[in-house]
Amino acid sequence: MNGIFTALICSFDENGKVNEKGLREIVRHNIDVQKVDGLYVNGSSGENFLMSADQKKKVFEIVKDEVKDEVKLIAQIGALDIDEAVELAQFATDLGYNALSAVTPFYYRFDFEEVKDYYNTILESVDNKMIIYSIPALTGVSMDLEQFAELFENEKVIGVKFTAPDFFLLERIRHAFPDKLIYSGFDEMLLSAAVLNVDGAIGSTFNVNGQRAKQIYTLAKESRIDEAREVQKVTNDLIAEILANGLYQTIKEILKAQGVDAGYCRKPMKRLTEDKVENAKAMAAKYC
Ligand code: NAY
């Protein structure tokens, strides 16, 4: 389960329906062109929190059917409706997903006991492993070292997707839990996280920049830091342009420029203006 995992973008048609052909093409592009080690399915980048449970199931099915056993698969099943989270956990497990991940429950400012109960409830219902999905900037849920330690007491909790810029905490978790898996979640900080000896990374921009992400990760593991820094610099030039243009929409337009039917985002995410579509095409020509 080590290495570079793409936080998979999903293709939707003009009406917000899952575009199966496009989704399969995105999967193939990630495996055949970006050559990533695995896929993280129905995360933020997959617009998970904008989809119905049926749509999420459809995505899990299509991706597994396309991938078979070519790369590792992590299913993000976290949901505010805990019954839905349990149902999706069982569904993805039955399909053969290698591990589950669940975002920390958000919106209602749950206390830590409630967060812990959420993970234990999901894990009691399913025979699979769990990667905590921590993304404080979007959920408002920050956990400290002691709280991660409590979650890690459950042996089925095998690691964390750490999407935060707190490298002090990241180092403390790494030091305290050498046997848990830590995935870096901010692509623009991949080199810094790799130097701290994370086990891998999960990122949205790997849909279009996976090869460079693999280079950064591998070079850092080989202590070839000067070379890794050069690749991170080009990567961050691209990420800065993507963020300024509209994150998920731009990734989709870059894919389209390469012949991948990446479709549209679901509402209320907006469409790119023509100018921004042109910007994305220029990024594809320059970086991909
Ligand atoms: C997810 O679940 O899809 C992720 O969290 C992937 C991590 C990404 N975070 C978000 C919120 O999209 O790849 C990052 C991020 O897009 C990238 O670093 C640019 O900031």
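This is a predicted model: local features need pLDDT of at least 70, side-chain atom pairs count only at pLDDT 80 or more; totals for chains, interfaces and linings use all residues.
**Helix α7**

Residues are numbered from 1 along each chain as its sequence is written, and side-chain values use heavy atoms, with hydrogens and water left out.

I then listed the buried residues of α7 (residues 167-176), which are L169, L170, I173 and R174. They lie on the same side of α7 because they cover an arc of only 135° around the axis, the arc being that of the directions from the helix axis to the C-beta atoms. Helices (H or I, at least four residues) and strands (E, at least two) are DSSP runs, numbered from the N terminus.

I noted that the buried residues of α7 pack against α6 (145-152), β6 (157-162), β7 (181-184) and α8 (190-195), where contact means heavy atoms within 4.5 Å. At the start of α7, I found a side-chain oxygen of D166 within 3.2 Å of the backbone nitrogen of F168; a polar contact is a pair of N or O atoms within 3.5 Å, and within protein one must be able to donate a hydrogen and the other to accept it, with residues adjacent in sequence counting only if both atoms are side-chain atoms.

**Ligand**

Around the ligand I looked up 19 residues, of which S45, Y133, E188, S204 and Y248 come nearest; a residue is near if one of its heavy atoms lies within 4 Å. An N or O atom in the side chain of S45 is 2.5 Å from an oxygen atom of the ligand, and for Y248 the corresponding distance to a ligand oxygen is 2.7 Å. I also recorded that β8 (200-203) and α11 (247-257) each supply at least two residues of the shell.

**Backbone**

E47 counts as buried, at 1% relative accessibility.

K68 has a positive phi near 50° and is partly exposed, with a relative accessible area of 48%. Last, I noted a cis peptide bond between K267 and P268, with omega about 10°, and found P268 in the loop between α11 and α12 (274-287).

Definitions and conventions
Buried means under 20% relative accessible area, exposed over 50%, partly exposed in between (1.4 Å probe, protein chains only).
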